[in-house]
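Here is a briefing on the structure shown below.

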Amino acid sequence: MLSINNLHAAVDGKPILKGIDLEVGAGEVHAIMGPNGSGKSTLANVLVGRDGYDVTGGQVVYRGKNLLDFSVEERACEGIFLAFQYPVEIPGVSNLYLLKAALNSVRKHRGLSEISAVEFLKLIKEKIKLVEMKEEFLHRSVNEGFSGGEKKRNEILQLAVLEPSLAILDETDSGLDIDALKVVANGVNSLRDEQRAMIVVTHYQRLLDYIVPDKVHILANGRVVKSGDKTLALELEKRGYTWLAQNSDAAAAPSAGV
Amino acid sequence: MFEAVQKAYVDAYEGAASGLPGGSIPWVRRVRESGLSRFREVGFPTVRDEDWKYTNVRPIAKQPFATAVRDGVVVTGVELPEHAALESHRCVFVNGHFIPDLSRLQKLPDGVTVMSLSDALRQGVAELETELGRFVPDALHGFAALNTAFLTDGAYIRISDNCSVEHPIELIYVCALDGEQPQVCYPRNLVIAGTGSRVAVLERYVCAQQDRYFTNAVTELVARPSAQVDYYKLQQESARAFHVGGLFVHQDRDSTVTTNNIAMGGAIARTDLHVTLSDTGAHSTMNGLYIGAGRQHIDNHTQVDHRVAHCTSDEFYKGVLTGRSRAVFHGRIVVHQDAQHTDAQQQNNNLLLSRDAEVDTKPQLEIYADDVKCSHGATVGQLDPNSVFYLQSRGIDQDSARSMLTYAFAKDVINRFAIEPIRDELEHHLTLTLLRGKPVGEPA
Ligand SMILES: Nc1ncnc2c1ncn2[C@@H]1O[C@H](COP(=O)(O)OP(=O)(O)OP(=O)(O)O)[C@@H](O)[C@H]1O
Ligand SMILES: [Mg+2]
């Protein structure tokens with residue numbers, strides 16, 4: 001589904017991603033871990049096409065197409081979704097309005113007609129149950145005045161409504177209390193299927209207890225320095241990043257990982 | 001050169017005076033001549049006048065506009081705004097003159113008088129003698145003075161005491177001028193809402209063609225004790241036209257007046273709103289929205305005078321500007337010495353959608369009483385690129401994302417407009433202006 005090949009990217013002329021390689025197949029869940037500032041969010045932002053993240057080398061192929069040729073909204077319509085680490089607040093635009101506009105954009109792209117008001121409400125009612133969100137949140141402005149945890153839950157609501165093919169979750173677990181974590185994980189798990197892939201960025205094993213990954217990658221200094229199965233996360237939890245630093249030749253070698 | 005143009009107006013007055021409606025009635029002549037002499041004295045303002053510092057009216061002042069006469073009025077092909085959802089009593093004026101055939105006044109309830117000012121002048125309606133011109137400040141600029149000199153037609157609206165008018169009264173000014181010789185219209189309205197009455201009035205300027213013409217309008221609005229008035233000025237002139245308008249509001253005890261001042265037309269458009277709170281318990285809400293595109297210049301000067309104690313005013317103006325448009329907002333609050341316990345709020349927020357759009361916003365508080373609550377705030381900002389990106393990342397294209405956010409910006413002021421079809425129309429115009437980057441009504 002997603003094939004990242006020797007990806008380099010810079011922000012403000014400063015190289016951040018320094019040769020990322022990653023293969024994500026349909027139906028797989030990949031976890032990305034790594035120290036603060038290692039480039040995890042940068043990778044996520046590059047994948048969704050955010051302005052200011054300049055790709056300086058490498059390729060990203062998504063479902064057989066060169067992803068980097070597409071605009072932000074085209075990528076979204078093609079099924080890429082990023083649950084942001086820091087979702088923005090949008091005063092004056094209601095959650096419900098955004099969900100409907102987004103869903104209709106995606107439907108239009110797929111050649112479907114606009115969803116009827118009745119159908120839409122039915123869908124939304126079902127989805128807010130999934131993330132255990134109160135209905136009043138639908139009528140509030142997007143994320144405005146939401147607590148940290150509520151914002152994250154709201155991202156998952158959007159994810160559940162838009163049903164993307166590739167979902168990227170950037171630290172969706174941080175700031176969540178233990179109950180909310182379960183709710184979010186359940187929501188995410190219910191969306192797992194053969195057709196859908198997920199990239200879960202996290203610092204904590206805790207989330208991976210609920211969302212069990214097929215693969216775990218460790219990013220350091222803009223490169224994937226180690227990849228493994230779910231046990232890698234457990235090992236990392238036990239031994240910390242200093243253990244990785246000891247394998248520093250691995251971190252330096254461009255062919256490291258996988 | 002200005003002198004010559006000004007003289008042309010004076011000469012035009014002299015030639016036309018006796019033929020104007022009520023021209024043989026001495027008091028009418030006196031009113032007109034007071035306007036003329038004020039005009040002779042001050043002429044057109046220039047950027048050296050503090051109140052016109054950011055609005056250069058030279059394009060208006062440098063050429064003589066001929067008065068649009070009734071005989072030349074062509075009423076065919078004039079398209080009037082139609083709202084299926086808005087039921088209204090309607091007065092239509094083409095090129096400044098009342099056109100009964102296009103108007104719709106059959107269903108006016110008892111206690112409501114709506115007539116053309118020219119008829120009212122000819123018939124010598126007694127109230128006009130005492131009230132017409134009374135609420136226009138003496139220290140008037142040349143435009144309003146010229147309007148007084150040439151006052152001819154417009155609406156005279158009188159709501160009897162304790163009368164509630166269910167449907168809005170709509171005054172539609174259409175300009176359909178052939179453009180060969182630039183012409184000017186002088187709409188003049190007098191609205192008197194009697195004690196305890198309730199009414200909504202919609203004063204609206206639209207254009208039939210994208211011509212250059214000049215509208216020089218003055219409205220006087222009087223709210224008698226406990227009257228409640230919801231007033232709209234909706235300015236949608238041709239993008240090549242000039243519009244200078246005054247709205248002078250006088251409020252008596254316990255009256256409530258909401259002015260909704262919406263400006264989106266005109267190459268140069270200026271509105272002076274002046275509210276006088278003359279007796280205790282009066283409340284004024286001033287809502288405003290201006291939308292500029294292309295090379296439009298839109299100026300709103302507002303002033304509220306708190307003359308006595310225990311009055312409140314709440315002003316909320318928002319502007320959305322794109323292209324190379326420019327806006328001016330000047331909000332003056334004067335709290336006179338006796339006006340203790342005044343509560344006056346003012347807020348002006350602007351959204352610039354392009355690099356070349358510009359706004360000058362200036363609050364001016366003059367407070368001579370000591371026990372008052374006044375606050376003001378002004379902001380100028382752009383769309384937040386993070387918000388645009390966020391919406392795009394959910395599949396919404398950039399234009400739609402920008403228009404959603406723009407509407408979100410303007411929504412809280414639009415929601416203050418009580419007439420729903422007006423709200424819908426503004427949402428539509430806002431989106432259109434933004435998407436096309438052109439003033440409303442201008443062809444693509
Ligand atoms: N807009 C930006 N301007 C300047 N530097 C940036 C910008 N975005 C990212 N960076 C830098 O790029 C590096 C990688 O940042 P990134 O946000 O991708 O890290 P991360 O792995 O997600 O970290 P965390 O675990 O703290 O979320 C950091 O050094 C950061 O300061
Ligand atoms: Mg991050």
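**Briefing**

Val191(B) sits in strand E8 (residues 188-193) of chain B; helices (H or I, at least four residues) and strands (E, at least two) are DSSP runs, numbered from the N terminus. This is a predicted model, in which local features need pLDDT of at least 70, side-chain atom pairs count only at pLDDT 80 or more, and totals for chains, interfaces and linings use all residues. Residues are numbered from 1 along each chain as its sequence is written, chains are lettered from A and ligands numbered from 1 in the order in which they are written, and side-chain values use heavy atoms, with hydrogens and water left out.

**Strand residues of chain B**

- Val191(B) has 0% relative accessibility and counts as buried. Buried means under 20% relative accessible area, exposed over 50%, and partly exposed in between (1.4 Å probe, protein chains only).
- Val191(B) and Val114(B) are 77 residues apart in sequence. Their C-alpha atoms are 9.1 Å apart in space.
- Cys175(B) belongs to strand E6 of chain B. Its relative accessible area is 6%, so Cys175(B) is buried.
- Thr271(B) is part of strand E14 (residues 268-277) of chain B. At 5% relative accessibility, Thr271(B) is buried.
- The side chains of Thr271(B) and Lys233(B) are joined by a polar contact of 2.9 Å. A polar contact is a pair of N or O atoms within 3.5 Å; within protein, one must be able to donate a hydrogen and the other to accept it, and residues adjacent in sequence count only if both atoms are side-chain atoms.

**Helix H7 of chain B**

- Helix H7 covers residues 385-392 of chain B. Of its 8 residues, 6 are buried, so the helix is largely enclosed by the rest of the structure.
- The buried residues in H7(B) are Ser387(B), Val388(B), Phe389(B), Tyr390(B), Leu391(B) and Gln392(B).
- Asp384(B) caps the N-terminal end of H7(B). A side-chain oxygen of Asp384(B) lies 3.0 Å from the backbone nitrogen of Asn386(B).

**Positive phi in chain B**

- Most residues other than glycine have a negative phi.
- Asn162(B) is not a glycine, yet its phi is positive, near 60°. Asn162(B) is in the loop between strand E5 (155-159) and strand E6 (169-175) of chain B. With a relative accessible area of 59%, Asn162(B) is exposed.
- Asp254(B) is not a glycine either, and has a positive phi of about 60°. Asp254(B) is in the loop between strand E12 (242-251) and strand E13 (256-263) of chain B. Its relative accessibility is 41%, so Asp254(B) counts as partly exposed.

**Ligand 1 and chain A**

- The shell around ligand 1 has 16 residues; a residue belongs if one of its heavy atoms lies within 4 Å. The closest are Gly37(A), Lys40(A), Ser41(A), Thr42(A) and His203(A).
- Strand E2 (14-24) and helix H1 (40-48) of chain A each supply at least two shell residues. The largest share, 3 residues, comes from H1(A).
- A backbone N or O atom of Gly37(A) is 2.8 Å from an oxygen atom of ligand 1. For a polar side-chain atom of Lys40(A), the distance to a ligand 1 oxygen atom is 2.7 Å. A side-chain N or O atom of Glu171(A) lies 3.2 Å from an oxygen atom of ligand 1.

**Magnesium site**

- Ser41(A) (OG) and Gln85(A) (OE1) coordinate the magnesium ion (ligand 2) at 2.0 to 2.3 Å. Donors are N, O and S atoms within 2.8 Å of the metal (3.2 Å for Na, K and Ca); water is not among the atoms, so sites may look incomplete.
- Ser41(A) lies in helix H1 of chain A, and Gln85(A) in the loop between strand E6 (80-83) and strand E7 (90-94) of chain A, so the pair ties together parts that are 44 residues apart in sequence.
- Ser41(A) is partly exposed, at 22% relative accessibility. Gln85(A) is buried, at 15%.

**Chain A overall**

- Chain A contains 10 helices and 12 strands.
- Of the 258 residues in chain A, 52% are buried.
- The C-alpha trace of chain A spans about 60 × 40 × 35 Å along its principal axes.
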